[in-house]
Amino acid sequence: MSIVSTKTNANLAIIIIDNPPVNALSHAVRLGVSEQMEINAQKDNIEAIILMCAGRTFCAGADISEFGKPPLAPGLPELIEQIERTNKPVIAALHGTTLGGGFELALSCHYRIMDVNAKVGLPEVHLGLIPGASGTQRLPRLIGAEAALEMITSGKAIGASKAEKLGIIDQLSSENLENDAILFTQQILKENQPIKRISDLNVQAQADVFDNFRKKITKKSRGYLAPDAAIRAVEAAVNLPYEQGLIVERDEFATLLSSSQSIGQRHLFFAERMAGKIPDIDKTTPVREIKSTAVIGGGTMGCGIAINFLNAGLPVKLLEISSQAADAARDKIEKIYLSSVKKGRISQQKMETTLALLTCIDNYDDLADEDLIIEAVFENMDVKKQVFAKLDQMAKPGAILATNTSFLDVNEIASSTGRPEDVIGLHFFSPAHIMPLLEIVRTEKNSPSIVATALKIGKMIGKTSVVSGVCYGFIANRMASCYSREAGLLLLEGASVEQIDKTLYDFGMPMGMFEMLDLAGIDIGVMARNNRPSDSYDNAAFQVHDSLVNEGHKGQKTGMGFYQYSDGNKLTNPKVQELAIKFAAENGIKRREISNQEIEERCVFTLINEGYKIIEEGIALRQSDVDVVYAMGFGFPRYRGGPLHYANHIGLKVIVEKIEKFAKLYGARWWTPSKLLIEQANKE
Ligand code: T1G
């Protein structure tokens, strides 16, 4: 079948787009649809036109891979106006995920029929864009300004029933979409229904709608340009005639398209998909079946990990050391589901059917049939080795034995079994059932088949997986330990907790370093470092941390850490400054005024340098993997594209010069520039 074809059914023309994998609106598709529309608009024997797609979805958007290249006519906006001008009814038949330009294409049609399981949405904001083919002008005219603002600035897709309620969809289809579309179209003709053009509609809105909406999204869209641009475009739809509103949309879109923010967010879009491509794995690599899972350890991580698999519809056995602990784990999981029911995210029924898949046990003997067993016990090598020795005895041959360790040597853990090739790292990020990133830690012994199975597991539970080699902290935590080292040293050198945190927050991190430590628990890092040789990290950088924890100040959970917490307020903890002064003196550090620029550069450039070292050591496969890990794992601002994309935006030569300057000032131990970084800087 060609990329765009037409078949005739009596007096109807059915134009079918077939551009796998997602029917992206490439130039060839736009040209084909435009030609077929023109031809069938002229045919006397054709009374109406149906537009639909083959494959798994109606158009999922403009072809993002074409962005940044010279535009080829017809552009999507032109095609969309051509379709709406057609003097015969044009009906869009939607299935799968009709997104972005695909949804705008559907809105240019006069009627829309949608499969009950399909979704529609305008996710452009996730690419640092706004809808650029009349979506900001047509959607408000169809569903009102507020509903349109919500859809466009959130980028969230909606299901068929909500789309029908909002008036986006004229008819639902639960059987055969093509047949239902034919019947629906014949009915439109029989009843001589009008040609409905959305651009003919008007939209009113209260004057304060836009300012109220700006206030509403301020926190969530902090630092991002696209949401505000979307609000301005929708405001134009309310205040200006259609054609003038289109000009506002196009200007805003063009500005965003060339912005570093959109380039960074589009980089991450493709990087997240590239991460799943592993050199020695392809479609022929055997993958093991995973139909049953078990989790060892019912702590926060273990319960979160279990929820991922329960949500994927898999039976899960959760093993704890006693029946009481097993019951406590079940209670923890039930509480999480209950809060989802309370928030209306899932139904009571869905919670009950999901929880029916959970069995909490306290005996290793019950693990003999599991396809996948994930260990999530205390972060201590001896404890983990004991668990794996037991799993080695109990698990069936061919079971995947995974560890959720955040830092420890997975090769060493694997060596405690007689089946090291089947032991792999599956590192989840807390909260494990919410954070989208999964680090797959590949050992020396893992075959391509095991890694391919781990990638499939990640896809099954909706995670974005990045494959890492074995080193201390893999990709994410190895980089994070450098970032926290610099923050700790800056604290001794004279910067305050508040200044460091505000600088990093203003850079775009979700929260400052110390606020994050208070949230996660300062003791977690202290325990992890206690497991490490003391010469493997900068002891001075963490003396304040150790001292706070020794006095029982572990962060929010104890009401005091780097900040004091009372009645929901975060207050300065004067003790921290005292400790910083004390340890600075003990370490012979002369305290001084430190600029925000130095704070930002030292914390961010150390991330960049370590990221390049991780690649040159072969731990990470590619630069974009490092960007995905730090954007998804630690909230590096997506509009900067991730640490290494950001480095290229700044200029690698600039980064190397700064690192060399820091080496002179603070010693080469932590500030020796990566060889790969220097090599790439020299190519600039
Ligand atoms: N353009 C080009 N390639 C795309 C694409 C797109 N819009 N969407 C997906 N792909 C590729 C993707 O890179 C991957 O390639 C393969 O398809 C499968 O994708 C004018 C300006 C549709 C929900 O933002 O959200 O329209 O790795 O692995 O998990 O206003 O893809 O196989 O080589 O993600 O089943 C707006 C983006 C564009 C939707 C399917 N649309 N896509 O998810 O598969 S801007 C979007 C998605 C726009 C207009 C504006 C998802 C999906 P490869 P996948 P999936």
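This is a predicted model: local features need pLDDT of at least 70, side-chain atom pairs count only at pLDDT 80 or more; totals for chains, interfaces and linings use all residues.
The ligand is surrounded by 27 residues. Those closest to the ligand are Arg56, Ala62, Glu104, Arg273 and Lys277. Sorted by class, this shell comprises 16 nonpolar, five polar and six charged residues. Three elements of secondary structure each contribute at least two residues to the shell, namely strand 5 (97-99), helix 3 (101-108) and helix 11 (260-274). Of these contributions, that of helix 11 is the greatest, at three residues.

On the backbone side, a polar atom of Ala60 is 2.9 Å from a nitrogen atom of the ligand, and a polar backbone atom of Gly101 is 2.8 Å from an oxygen atom of the ligand. On the side-chain side, Lys277 places a polar atom 2.7 Å from a ligand oxygen atom. When taken alone, the ligand exposes 990 Å², and 74% of that area is buried by the protein.

Attention now turns to the second largest pocket. The space within this pocket amounts to about 270 Å³. Its lining consists of 13 residues, and those nearest the centre are Asn311, Ile336, Ser340, Arg345 and His433. The lining divides by class into five nonpolar, five polar and three charged residues. Helix 12 (300-311), helix 13 (323-342) and helix 14 (348-355) each provide at least two of the lining residues. Helix 13 gives the most to the lining, with four residues.

Strand 5, which supplies residues to the ligand shell, also belongs to an open sheet of three strands. The order of the strands in this sheet is 5-7-8, and their pairing is mixed. Strand 5 and strand 8 (158-159) lie at the edges with a single partner strand each, so one side of each has no neighbour in the sheet. The pairing of strand 5 with strand 7 (residues 119-121) is parallel and extends over three bridges. Within this pair, Thr97 is located opposite Lys119 of strand 7. In general, the strands of a sheet pair through backbone hydrogen bonds, in either the parallel or the antiparallel sense.

The antiparallel sense is found between strand 18 (residues 563-566) and strand 19 (residues 569-572), which are paired over four bridges. Tyr565 has Lys570 in strand 19 as its bridge partner.

Most residues other than glycine have a negative phi, and most peptide bonds are trans. Ala10 has a positive phi, near 60°, and is placed in the loop between strand 1 (4-9) and strand 2. A cis peptide bond, with omega of about 5°, links Pro20 and Pro21. Pro21 belongs to the loop between strand 2 (12-17) and helix 1 (27-42). The bond from Ser430 to Pro431 is likewise cis, and its omega is near -10°. Pro431 is situated in the loop between strand 15 (423-428) and strand 16 (437-441).

Definitions and conventions. Residues are numbered from 1 along each chain as its sequence is written. Side-chain values use heavy atoms; hydrogens and water are left out. A residue is near a molecule or strand if one of its heavy atoms lies within 4 Å of it. A polar contact is a pair of N or O atoms within 3.5 Å; within protein, one must be able to donate a hydrogen and the other to accept it, and residues adjacent in sequence count only if both atoms are side-chain atoms. Accessible areas come from the Shrake-Rupley method with a 1.4 Å probe; for residues, only the protein chains shown count as cover. Ala, Val, Leu, Ile, Met, Phe, Trp, Tyr, Cys and Pro count as nonpolar, Asp, Glu, Lys and Arg as charged, and the others, Gly among them, as polar. On a 1 Å grid over the protein atoms alone, a cavity is a set of points where a 1.4 Å probe fits but cannot get out, and a pocket is an open set with protein on both sides within 12 Å along at least five of seven lines; lining residues have an atom within 4 Å of a point. Grid points are joined across faces, edges and corners, and a volume is the space filled by probe spheres set on the points. Two strands pair if DSSP finds at least two bridges between them.
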